[in-house]
Each structure stands twice: as C-alpha cells, then as structure tokens.
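This report looks at charged side chains and at how they pair with one another. Please keep the sequence and the model at hand while reading.

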Amino acid sequence: MPSNIFPSVRMRRLRKTPALRDLVRENSVTMNDLILPIFVEEEIDKSLPISSMPGVDRIPEKKLGEEIKAIAADGVKAVMLFGVSHKKDATGSDSWKEDGLLSRMIKRAKDAAPEMLVIADTCFCEYTDHGHCGVIDGDHVHNDMTLTNLARQAVSSASAGADIIAPSAMMDGQIAALREGLDEAGFSDTSIMAYSSKFASAFYGPFRAAAGCELKGDRKTYQMDPFNGREALRESLMDEAEGADFLMVKPGLPYLDILAKVRESSLLPLVVYQVSGEYAMIKFAAKAGALDEKRVVRETLGAFKRAGADLILSYFARDIARHGF
Ligand code: PBG
C-alpha cells in the first residue's frame, strides 16, 4: 500500500545525482542579489590592507575610479560606499558637503561605471570625531538634530548621483525625515534602503577598525538589543510605513529568525548584511585550515536566501563574482 511514509517515500531519491539536486534546489544566489561594501580613504596613495578583514583593503580615493571599473568588470553590479574621513568634526559635516569625501566618492564611482548601482551608507560615525552616529547632546545622541543632518547628507548624496540612500544611524523617524528631505529637494525617484533592524552587535568589531570609527562607549541607546525579536519587527514595520523602499536585517547569520519574521510581515525587498565579524570569522577559520571558505560562504548565503532575503551585502561578493559560487 502506497503511503506518504517510508518505505514508499524515500527522500534520498531526489538527492541521487548532481542534476537531480540542482533540479529540486529551492533557492539560488546570483550576482543580481549581491552588494559589495567597500572602504575608501582620502589622502592616501596606496591601498591599505585591513588586518581585521584579510582580503579587504581601504581603497585610496584617487584610485576609486579604476577600482570601480575593475569591480564592475569582475561582475559586481552594486556597491555600498563607506568613507574613511580625515576631516572629522563634532557633527560629521564633511558628509553633507558638496565637495566632501562622500559626495566625491559617489561622483567618482558613477563617472567610472555609470551602470554600477551606487548605494550611500547614510550615517555619521565615519565622519564624527567622537565616533557616534549623530549629534552629541550632553551624554547622548540627539535624535531630532541628527535627523536634520541625515536629511542634508541624503540630499547631498542624491545630488552627487547616489542610486540608493541607505540610512544606518538607527534614529527614530529617519526614514520619514529622509523621504521628506529627498522629495523636497526634487529627488522623489531616489530610493531608501533602510537598515531597519540593526542590532548593537559585537560582530561590527572589524568594521570599526576598517572604517576608522572606533568610539568610546557603545551604541546601545540607538541600535537594538540583540536579545529582542518583536522589537525588530516593530522597527521594520515602522520603516515601511515611513516610506522605506527596502528593509534590512543586520547582522546576518545570528539573526536568521528576524529575517524570516520580517519576510512574513512585509512585501518589500529584503536585504541582509553579512557583516565584518561574520566575514572575519570565516576568513580566519579558513586561513587556519579549519573551514573550507568557498563552501562555508555558499552555505551562509544559501541560508540567507532560505530565511527570506532577496539581497545580500557581503564582503565576499567580489570573490564570488570572480571565482563563482
Ligand atoms: C554605520 C555602519 C556600521 C556598519 C555598517 N554601517 C558600523 C556600526 O554600526 O557600528 C557595520 C558593518 C560591518 O560590520 O560590516 N555607519
């Protein structure tokens, strides 16, 4: 009698050959899904290797054009830009200047490869001398003053040619403030990728050295508590209501539950950020001979897709473009 249990059913039937496994695979990752984050430093002549992230360099601003062309030629279709600033001040004002590092990077990248999608990380920690993501008022980051500056930065990035604005400061109301600012300045077609559930994570450790934005203290008054899940949904739904075009979960692997929940609760394109610490763990373990890097990268990106991500920000994106998956 046939039934839906063993021995009528044998799950291994569909795993017999590579072709069969390809046929029944539920998810895939292509270069259409990957965004490469890059670090660009002003006033340096040579690429600077980042010791906490083997294989990732700070790119000199003056070489950004050639580098973007090479990245595009490898097959990467989208980059997220992080500036390493030499002109930090209390508010991070360089980030909204027409001739500031952020605007210059965007222009150089778009000039070099107009077809490359250029996403501007919209935040202040790389441009403030205290390393926080906004304006300091007493002992905390002032939410609403920071909103004003975020809108300035977003408008300046959009006028420099950024395709997507990606606010990562975790200020309340930042999506509404940016949408309004962009619309008023005539950039109603510039989209917003909200870092909507961004956790106060120790996995950002290598990034802070990479981007030169170490800070005293922490970001726990604005980024989310890693122990909270429902709150991440509230953050995401609020960002959607404020006009976000994309939602994001960050970091990735320790937060797959959040990714799956946001996927069920929103129809927006969903992005996951495989952050610097996730990259470093894989790289260092592979260097020590403990893990097979290529297979582990494939498995982690597959897990993001399975959990519901449409797009993945990953420092491995260029390796994948070059060497396949
Ligand atoms: C803030 C920002 C950070 C990262 C991306 N955008 C740092 C932070 O919030 O401390 C971290 C990315 C990573 O770790 O790879 N501008």
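Which side chain meets that of Arg 58 in a salt bridge? In this predicted model, the partner of Arg 58 is Glu 41, with a distance of 2.8 Å from N to O. Because Arg 58 lies in strand E3 (residues 57-60) and Glu 41 in strand E1 (residues 34-41), the pair ties together parts that are 17 residues apart in sequence. Both Arg 58 and Glu 41 are buried.

| Salt bridge | N to O distance |
|---|---|
| Glu 61 and Arg 104 | 2.7 Å |
| Glu 293 and Lys 283 | 2.9 Å |

The side chains of Glu 61 and Arg 104 meet in a salt bridge; Glu 61 lies in the loop between E3 and helix H2 (64-74) and Arg 104 in helix H3 (residues 101-112), so this pair ties together parts that are 43 residues apart in sequence. Glu 61 counts as buried at 7% relative accessibility, whereas Arg 104, with a relative accessible area of 23%, is partly exposed. Glu 61 and Arg 104 also belong to a network of salt bridges that links them with Glu 42, Glu 43, Lys 87 and Arg 108.

For the salt bridge between Glu 293 and Lys 283, Glu 293 lies in helix H10 (residues 293-307) and Lys 283 in helix H9 (residues 276-287), so parts that are ten residues apart in sequence are tied together. Here Glu 293 is partly exposed at 22% relative accessible area, while Lys 283 counts as buried at 12%.

Notes. Residues numbered from 1 in each chain as written. Predicted model: local features only at pLDDT ≥ 70, side-chain atom pairs only at ≥ 80, totals over all residues. Heavy atoms only, no water. Salt bridge = Lys/Arg side-chain N within 4 Å of Asp/Glu carboxyl O. Helix = DSSP H or I, 4+ residues; strand = E, 2+ residues; numbered from the N terminus. Buried < 20%, exposed > 50% of the residue type's maximum accessible area, 1.4 Å probe, protein only.
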